[in-house]
Amino acid sequence: MSSNQTNDTLAALTRERSFAMLSQSSLLSITGADKRIIYINDNFEFLTGYTPQELIGQTHKVLASGKHSPAVFDDMWQSVGKGQCWRGKLCGKTKSGELYWEETCATPVLDDQGNVSCVMFVGHEITREKEQEFIAAEEQRLMLLEKERLRALIEAFPDAIVFKDGEGCWRVANEHAKQLFGLDQIEWLGKRDEELLELDPPHAHLYRYCMSEDAKAWNSGKMTIIEDVVPTRDGDTPTYQIRRVPIFSADGSRLAMLVVGTDITAARAAEAEVKGVRTMLEKTMKLARVGGWEVDFVTNEVIWSGFTKEMTGVPPEYRPNLLDVLSFYKEGESRDKILELVDRSKLNGKGFEAELTVVSRNGREYIIRTIAEPVMLDGVCVKISGYFQDITDQVAMRKKNEQIERKFSRLTARSADGIILHDERGVISFASDAVHRMLGYQQGELIGTMIGHLAHPDDVLDVEEHRRRVCNAHGEAVPITAGRLRRRNGIYVRIDGTITNLMSDPDVQAIVLNFRDSTERYHSLEQLKSKNDHLQRIARIISHDVRGPVATIQGLMNNYNYADPHDPFNEVILQKIRVPMDKLDQVIARIVHESTDLD
């Protein structure tokens, strides 16, 4: 259609009385068949901020807000192109960049041939309504989101949670509550306890219990807390702590009831176990004669355990204070010492350990070992906690042992015998002065070393045999003869003595090696043995090598004619005697040689 025809159509429209009425009350814009604007009314100009000169010749894209997809406008123009009206809500953008909404109707104006000559857009601004819709939708979204968050929070809790309205109808129950009451098998939502007990007879006692406790909470007007056993469908009997919180509206009417049930079965079992352990610990500490104490410098409170009170001779209900506590330490060194230790610990934040004397109310003295640690807060000591143990008997035993050890040390120091104490593994714990003198080690040098390191390598089998015998012979002295121990310079000395297993003796608890240096005696015996061997060899020579020649000589001499020395037969006999005589001479030379070795 030509521009003249479009102008004619526009002129015809504007002359109509209805057009004037629409123009006064509506947003009015008209485009040609080419979608370009040919007219806007004052209302349209006021809303968009564009003058007619700025919009005429432009398309409505100038006003696009970007809120709609191209498909919306394609659908609009397709409907108009078919000669049909199109209605919708569109969002536009003013000249200043602000968004506005209008509800518009696009109506095609047809010429005599039925073609679209122009399109008239008649709309009404609905920005305020849209904003209200947006606000309502956002409020609804936030409310649903908050509801889902609340539901998720309720489900996340390990407790059983139930919400009832002011009429007692069940409105919300998390999964824990559903399992506890078996709600997955009945229609519970919106039901009261009276109805639920009819629907679920196995749990009727629970609903009656709920009715009774809800009434107490409503009447009290505040949160109530109870503990009770709640039997389950599986036959278990867990213990629950149940809190009921009644909620009232501003006018005092009942609004809702929040019920929270916490399974405290494990907690109560743990408490019982802790109580049992505490009782056992108190008994153990009493048997071990150990007492606890604590001083709080913020509240000036002093706490004593049961054994502490028992040892100091005060009744169980006695509440100690800082002044009284000091009076139990023996006046003088112990009292001054505990004051010094506490003051130092408060300053440097370090614990302390000490042996002190305390005096009970009946005048009995105890020696105690006390160990304490301070609690510091921002560099300030707020508390000191510790314990002490009655070591009176141990100290007496220690002094007795020290006295015995001094006597033992003096005895061993003067003894020529060496004494070594070691454990079952062979670790040396004591070596007397004689051991150091015999083996050349410095005082204390052998402590902590292995006794086996002192043995000669060739004596390994003998050492193992002695170890076996000693381990099986408690209290029996196993003899050691000609054993060898290594001196510090690497030379081995011979020893004789005994080794005794006294591990079971509480006063010793060691394996005792008692020995003396037998090196010289061993060498003397070896020399004596060597001489004896020589004598035995001489005896054998005399017995075997001398007897034969002598017997031969005796036999020949029996045939000698002593009556006639000049008998020629005598000369023959003498010649024969020379052979055994030579042999006898050789034997005598051997005897002389063997006799020389004896020297």
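**Exercise 1.** Find which residues lie nearest the centre of the largest cavity.

*Solution.* The largest cavity has 17 lining residues, and Leu180, Phe181, Cys210, Ile242 and Val259 lie nearest its centre. A cavity is a set of points on a 1 Å grid over the protein atoms alone where a 1.4 Å probe fits but cannot get out; lining residues have an atom within 4 Å of a point. This is a predicted model, where local features need pLDDT of at least 70, side-chain atom pairs count only at pLDDT 80 or more, and totals for chains, interfaces and linings use all residues. Residues are numbered from 1 along each chain as its sequence is written, and side-chain values use heavy atoms, without hydrogens and water.

**Exercise 2.** Work out which elements line the largest cavity.

*Solution.* β6, α7 (175-181), α9, β9 and β10 each give two or more residues. Helices (H or I, at least four residues) and strands (E, at least two) are DSSP runs, numbered from the N terminus. β6 gives the most, with 4 residues.

**Exercise 3.** Describe the sheet and its edges.

*Solution.* Take the order: 5 strands form an open antiparallel sheet, β7-β6-β10-β9-β8. Pairing needs at least two DSSP bridges between two strands. Now the edges: β7 (170-173) and β8 (224-229) each have a single partner strand, so one side of each lacks a neighbour in the sheet.

**Exercise 4.** Locate the bridge partner of Arg244.

*Solution.* Start with the strands: β9 (residues 239-248) and β10 (residues 254-263) pair in the antiparallel sense over 9 bridges. The partner of Arg244 is Val259 in β10. Val259 also lines the largest cavity.

Conventions. 1 Å grid on protein atoms, 1.4 Å probe; cavity = no way out; pocket = protein on both sides within 12 Å on 5 of 7 lines; lining within 4 Å.
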